[in-house]
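Keep the structure open beside you as you go.

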Amino acid sequence: MPGSSFVLIALGFAAYAAVAAIGSQRRRNQVWVVVRPELLHSARRALLASAAALGLAAVALWYALFTRDFSNAYVAAHVSSATQPWYTFAAFWAGMDGSMLLWSLVLGVYAAAFASVRRPLAEPFVPWAVPVLGGALVFFCAMTAGPANPFRTLDLAPADGRGLNPLLQSPAMVIHPPMLYTGFVGLTVPFAVAVSALVTRRTGADWVRVVRRWTLIPWLALGTGLVLGGAWAYTELGWGGYWGWDPVENAALMPWLAATAFLHSAVIQERRGMLKVWNVFLVTAAADLAIFGTFLTRSGLLSSVHTFTESPLGRWFFVFLAAQTLLGLSLLAWRLPDLRSENALDGAVSRESGFLVNNLVFVGAAIAILWGTLLPLATDALGRGRLQLGPPFFNRVMSPIGALLLVLAAVGPLLPWRRGTWRALARRMARPASIAALAGAAMLATTRHGAFAGIVTLGVLVAGVSASEIASAVRARTHSTGESRARAFAGTLARNPRRYGGYLVHLGIAIMVVGFAGSLFRAQADVVLEPGERYRFAGYSILYRDLRHHAAPDKDVRLAVLDVFSGGRRVAELHPQQNLHANFDQPQSEIAIRTTPARDLYVILTGTKDGSKRAAFRLYSNPLVFWVWAGAVVAVAGGLVALVARPRAGARPQGAPAGQAREVAASAP
Amino acid sequence: VIVLCVLAALTAFVAAPLYRPRAAEPADERGALRARRDVLVAELRELELDRASGALEASEYERSRAAAEAEAAELFRALDAEGSD
């Protein structure tokens, strides 16, 4: 099939890019110099060619999926003639082999983008970043061309395909895996630049400045992917929650935590020339944890809700992971003398120390999750059976860590650089802390739940500090320019997108945390009802009206009709359903949810009996889940502001003297 | 045939710089200096924000601003020198 050939072409160009980029340089007086720029230019183009070939391979796979080419083993396994177009599109990444092609394609696009964007600050890092990106691309193309080839043909094509796994037939699945992959794969770029910085001994702040945006992209994509994964679990898996500390969820969270830590510590290196070793370590750790997550997903070492992606690829990923780790750590050890801090920590009450503690907590969180995820393997290896650590362990460990991170998110923006005083900090904290304490006291009086009141207090504290920092900047701008508040808000974000985008992310996370806290009041009931029967649950009166059967082309559907009343008024009609898909043994539930800002009413049709309309339901009352998604939207918006907006130079005041130096001085607000 | 055409086109695209080597491009010194200027602008902006929000003591603000301006002066001397070439 041409698809396989395109992957092989991509592999060839990636290998050429790696070799040519190295060959374009010579070492003179301990400095790497590009002596054949035309060869480096050709290497950069080879990464573009590799991405183009992978794009054509992807088109070939989509073509096979949409034309129902059941002679292709992957197509026969993942779509049927009844599969809807959106899910046919998403079937590309429904299985192992397609996922590998997607990974290669996304990596190809990243590598091509990095190679083709010419920014003076980034140029010195290109000659050694290209071989790293090319090498990674060679590995993934080799996987896609070999053990995970989605273009394998069957000797005998079946009349129809098996169809898409019903659990994957969710709108979130159309976008969730590409988002996650954009996150995982993108962390290779900062790693490649870090390697280049170490090889060329350009270990100052420039490499950190170069990778900031290249880290923000995968960080944002991974965060969005995690939220979309939560939405998928919530609406498809039918256990009433959105996060279950599943090994694969954990594996996606760990690199996000490492990348988050790096985005904070990068500021310290830029501003004070500190944490250089730490930053290289974090970038390596983030890239490693991304591969580790995939290794877990693909190896089937741990049982997970993602078992549909198990394959024997795990050992290859392990080899790649080991090679990447070895490269990063050995270069780090080699260049250790070049990575000395330019400054020391001046005081405990300082922005630097706040960022440092924040970093330690983020990494501590990642280590705790890693420990909890790997413990079953460790105990199994020691012959003690698989000791599973479920949500209670993670909730117990992560709650104090999360609380500490919230405190740091509230205090950090108020800390001065270099050295401050506790008194000054207390003065700046007084107002948001008072508001948060009042909110917490009100929650305690209303709910009589100490943990909930504590979480709300911290959430309001973070939200208060973030919002007040943004508000004071908007106010200052309104006063100085006379702009409307909306324009001043937009102008403030545009003026310093990194800082105010970051505050928006903090605000979004604070809102999400309050949403998470709603799970403390979660209620559940299992009921069996006859048509016409009512059941009172969580302040609602639920009337079971009818059970309807119908046959769709690919499934038999049983659909219950429920009327939901609140305060004597009918507020919703819900349709939980149970589907029996052709070619899949297990029935699959379609959950019905009534969402309000206060709570979700979550209904699962768990069983029906042939010849009868008697039906069993599981009901959940999930308070404040709405705020998890709302907070995520705010956080993603903040990430986009930090990523997309470019700081605008300030207008030169009238009468200001010409000359670039004065222009720079005048550009500060 | 499609695969061969694609391979030929991509190979020509990749090989083109080898057959049309441009005169060795001088390092984009001016571009690098401009990039550093942008970094300085961002740093100065951060300093002003920190001062306005109270996150920076007056003495530290003055010290940092003086350091940034000294660096800026040096940078612009270099930029002027580049521009006069």
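**Exercise 1.** Is A:Asp546 buried, partly exposed or exposed?

Step 1: take the cut-offs, where buried means under 20% relative accessible area, exposed over 50%, and partly exposed in between (1.4 Å probe, protein chains only).
Step 2: A:Asp546 has 21% relative accessibility, so this residue counts as partly exposed.

A word on the setting: this is a predicted model, in which local features need pLDDT of at least 70, side-chain atom pairs count only at pLDDT 80 or more, and totals for chains, interfaces and linings use all residues. Residues are numbered from 1 along each chain as its sequence is written, chains are lettered from A and ligands numbered from 1 in the order written, and side-chain values use heavy atoms, leaving out hydrogens and water.

**Exercise 2.** Which side chain meets A:Asp546 in a salt bridge?

Step 1: recall that a salt bridge is a side-chain nitrogen of Lys or Arg within 4 Å of a carboxyl oxygen of Asp or Glu.
Step 2: the partner is A:Lys613, at 2.7 Å from N to O.
Step 3: A:Lys613 is partly exposed, at 38%.

**Exercise 3.** With which residue does A:Arg44 form a salt bridge?

Step 1: the partner is A:Glu123, with the closest N and O atoms 2.9 Å apart.
Step 2: A:Arg44 is buried, at 4%, whereas A:Glu123 is partly exposed, at 24%.
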